[in-house]
Structures are given as C-alpha cells and as structure tokens.
Amino acid sequence: MRESEGDKECSVLPGCPSTPPGLLGRLQVEEQVEEAEAERRVRGVRQGGFWWPVVCEARWRVAIIVPYRDRASQIGPFLNHMHPFLQRQQLNYSIYFVEQQGTDLFNRARLLNVGFLEAKKEGPWDCYAFHDIDMLPLNDLHLYHCSPQPRHLAVAPSSHKYKSAHHMPYKQYFGGACMMTEGHLRKVNGWSNIYWGWGGEDDDMYRRMQLTDLAVWRYPARYALYKMITHKPQKINPNRYQILQRNTGRYPKDGLSTINYTIKSTIRKPLYTHLLADVGSSDAPAVKEEV
C-alpha cells in the first residue's frame, strides 16, 4: 500500500524538486475511457490507488476524496486523467471513491466527511483534495500542493464558460474541487451534514471559512481551468438557500463532530479504494459521534 515509515527511514532519496520536471502544461480530456482501459494504461499504482515517486522523496502526501454514486461511466475518464496528472507532479497520493449506499437523495458533504475520516486512518496525509468525479484539470502546472490556507482548485470550469471565480459576482464559489489540511477541517468542523440533494454544501463551507478567519487561495484561471464531463442533472435541494441563510454559527454542532455513518464495504481496486457508506437518511437527524 503506502510507503511505510520503515521505508522512509531506509530511504536515501533526494527530495523532489519544487517544480516537477515532467509537467506538460495544457492537457486534453478523454471522456470515453472504460475503467478496464484505464487500468491497462496506468502503470505503477499499488492496489487501492496508492502511488509515490521512486526517484525522489515526495514533498506532499495528498488523499484524493471523490464522492460518488451512479456515475460508473465517469470512473474511467477520471482515473485515466488524474493518475498521470498526479504522478507528473511527483506526489505521494491515493484515490478514495466514497459511494453513498441506498436511494435517498445524494449527500455529497456527508461523503466528504466520511472520506476524510476514513482516509485519515491510512495517513498521515499533508492535505486532502475533495474532488468531484466529473471535474478534470486542464493544466498540470496547476500543482496539487498543500498550502497554509484552503485552496479552491476548480477556479475556471467549463460549466462556467471558463470564467474565473476571481471575477465572478459569485465569489464564494468553492465547488468542483478544493484542498484543505486536517487543521482547516477541524477548525470548521468539516462539511455540513444537512444538505440533501444538489447544492448548498460548498457555499456553507465558504461561510464556515469566513466565520473562522480562513482565506481561500486560488491559482490564476489560466492554470486552473477544468473540464466538466457531461452528465445527467442531479436532483436539486429546494431548501438549500433557506438552510444556508441559517448558517450563522451552526457549524460547531454540524459536521465532523456529529457525523454518523457505517462503512458497509471496503474494496481495494487496482486504481482506487472504493468505500461504500451508509450515511443515514434525509428524514433522520444526525447523531452525535465524537471523532
């Protein structure tokens, strides 16, 4: 699996350079790639989706958390694109797909909380990238490096006509893909658990960061371009704005400290770890669980 502490102690590898030497710049996205084809193309990944460079000591350890349900056709394109992207950046990383069990409304935020808590058990990780499966970076100069402040990664997605979040009226946009350290996540108590259906949880996270004096860092749009793979629309949460308006101080009692979930299965796939999670139902309140 991951590089062990024993391996590190015996290692005489130099540190990887701050600017990886094999970067390509602008990239193309292949949208029609089967998972089996991605497995044939991608080399050197350990069972479960773990990889680290063998020629130098990685500067950063990053867990990639992907919330998932009913998107089987997008697994192949994501793996085919992201593994080479992350490897060229010489990261020590792993990819976790967190799938929601059942047919209730999708709760992306709960899956992100679950992904963080489960990936943390296999750390240590320097930071966590929370990454939608349909959002793929178009420039590998956009480095997935950890930072002192939370990073919004998907600054200029195709779904926004590649307009930068820097210049949009909707400046609190924090969706698609972002990176946070454990310290950031603990400070804001993770993601809200109460957003069922599409929308609201990213805006809620942005407010949590404002309330706890965290700033959002973004790369310039010319580097942080993202292609959104086409997919069927998700069922929208009609109450997301009303819930968001009430977020004036709720965060200490809604998030990592109250998540209640059960991991139903853990499967080490060739290119990722698949976690099937029961995260409760939309008509049941969150049950406090100390973490």
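Modeller: Residues are numbered from 1 along each chain as its sequence is written, and side-chain values use heavy atoms, with hydrogens and water left out.

Biologist: Why is His81 called buried?

Modeller: Buried means under 20% relative accessible area, exposed over 50%, partly exposed in between (1.4 Å probe, protein chains only). His81 has 8%, so it counts as buried. His81 lies in helix 3 (residues 72-88); helices (H or I, at least four residues) and strands (E, at least two) are DSSP runs, numbered from the N terminus. Leaving out residues up to four places away in sequence, His81 touches Leu27, Gln28, Val29, Leu136 and Pro137, where contact means heavy atoms within 4.5 Å.

Biologist: Why is the pair of Phe116 and Tyr128 called edge-to-face?

Modeller: Rings of Phe, Tyr and Trp (its six-membered ring) pair if their centres lie within 6.5 Å; planes under 30 degrees apart count as stacked, over 60 as edge-to-face and the rest as tilted. Phe116 and Tyr128 sit 4.8 Å centre to centre with 80° between the planes, so they qualify as edge-to-face. Phe116 belongs to helix 4 (residues 108-120) and Tyr128 to strand 4 (residues 127-131), so the pair ties together parts 12 residues apart in sequence. Phe116 is buried at 1% relative accessibility, and Tyr128 is buried at 1% too.

Biologist: How do you know that Tyr219 is not buried?

Modeller: Its relative accessible area is 23%, so Tyr219 is partly exposed. Tyr223, at 27%, is partly exposed as well.

Biologist: What makes Arg108 count as lying over the face of Trp191?

Modeller: A charge sits over a ring if NZ of Lys or CZ of Arg is within 6 Å of the ring centre and within 35 degrees of the ring normal. Arg108 is at 5.8 Å from the ring centre and lies over the face of Trp191.

Biologist: And what makes a set of residues a nonpolar core?

Modeller: They are buried Ala, Val, Leu, Ile, Met, Phe, Trp, Tyr and Cys residues joined through side-chain atoms within 4.5 Å. The largest one here has 40 residues, and Phe78, Leu79, Leu86, Ile95, Phe97 and Tyr144 touch the most other members. Helix 3 gives the largest share, 6 residues. A second, separate core of 34 residues includes Phe50, Val114, Leu185 and Val279.

Biologist: Why is helix 6 described as mostly covered?

Modeller: In helix 6 (residues 201-211), 8 of the 11 residues are buried, among them Tyr206 and Met209.

Biologist: How confident is the predictor, and where is the pLDDT below 50?

Modeller: pLDDT is the predictor's confidence in each residue, from 0 to 100. The protein chain has a mean of 89, and 85% of its residues reach 70 or more. Over residues 286-291 the pLDDT is below 50. Where pLDDT is low, the predicted coordinates should not be read in detail.
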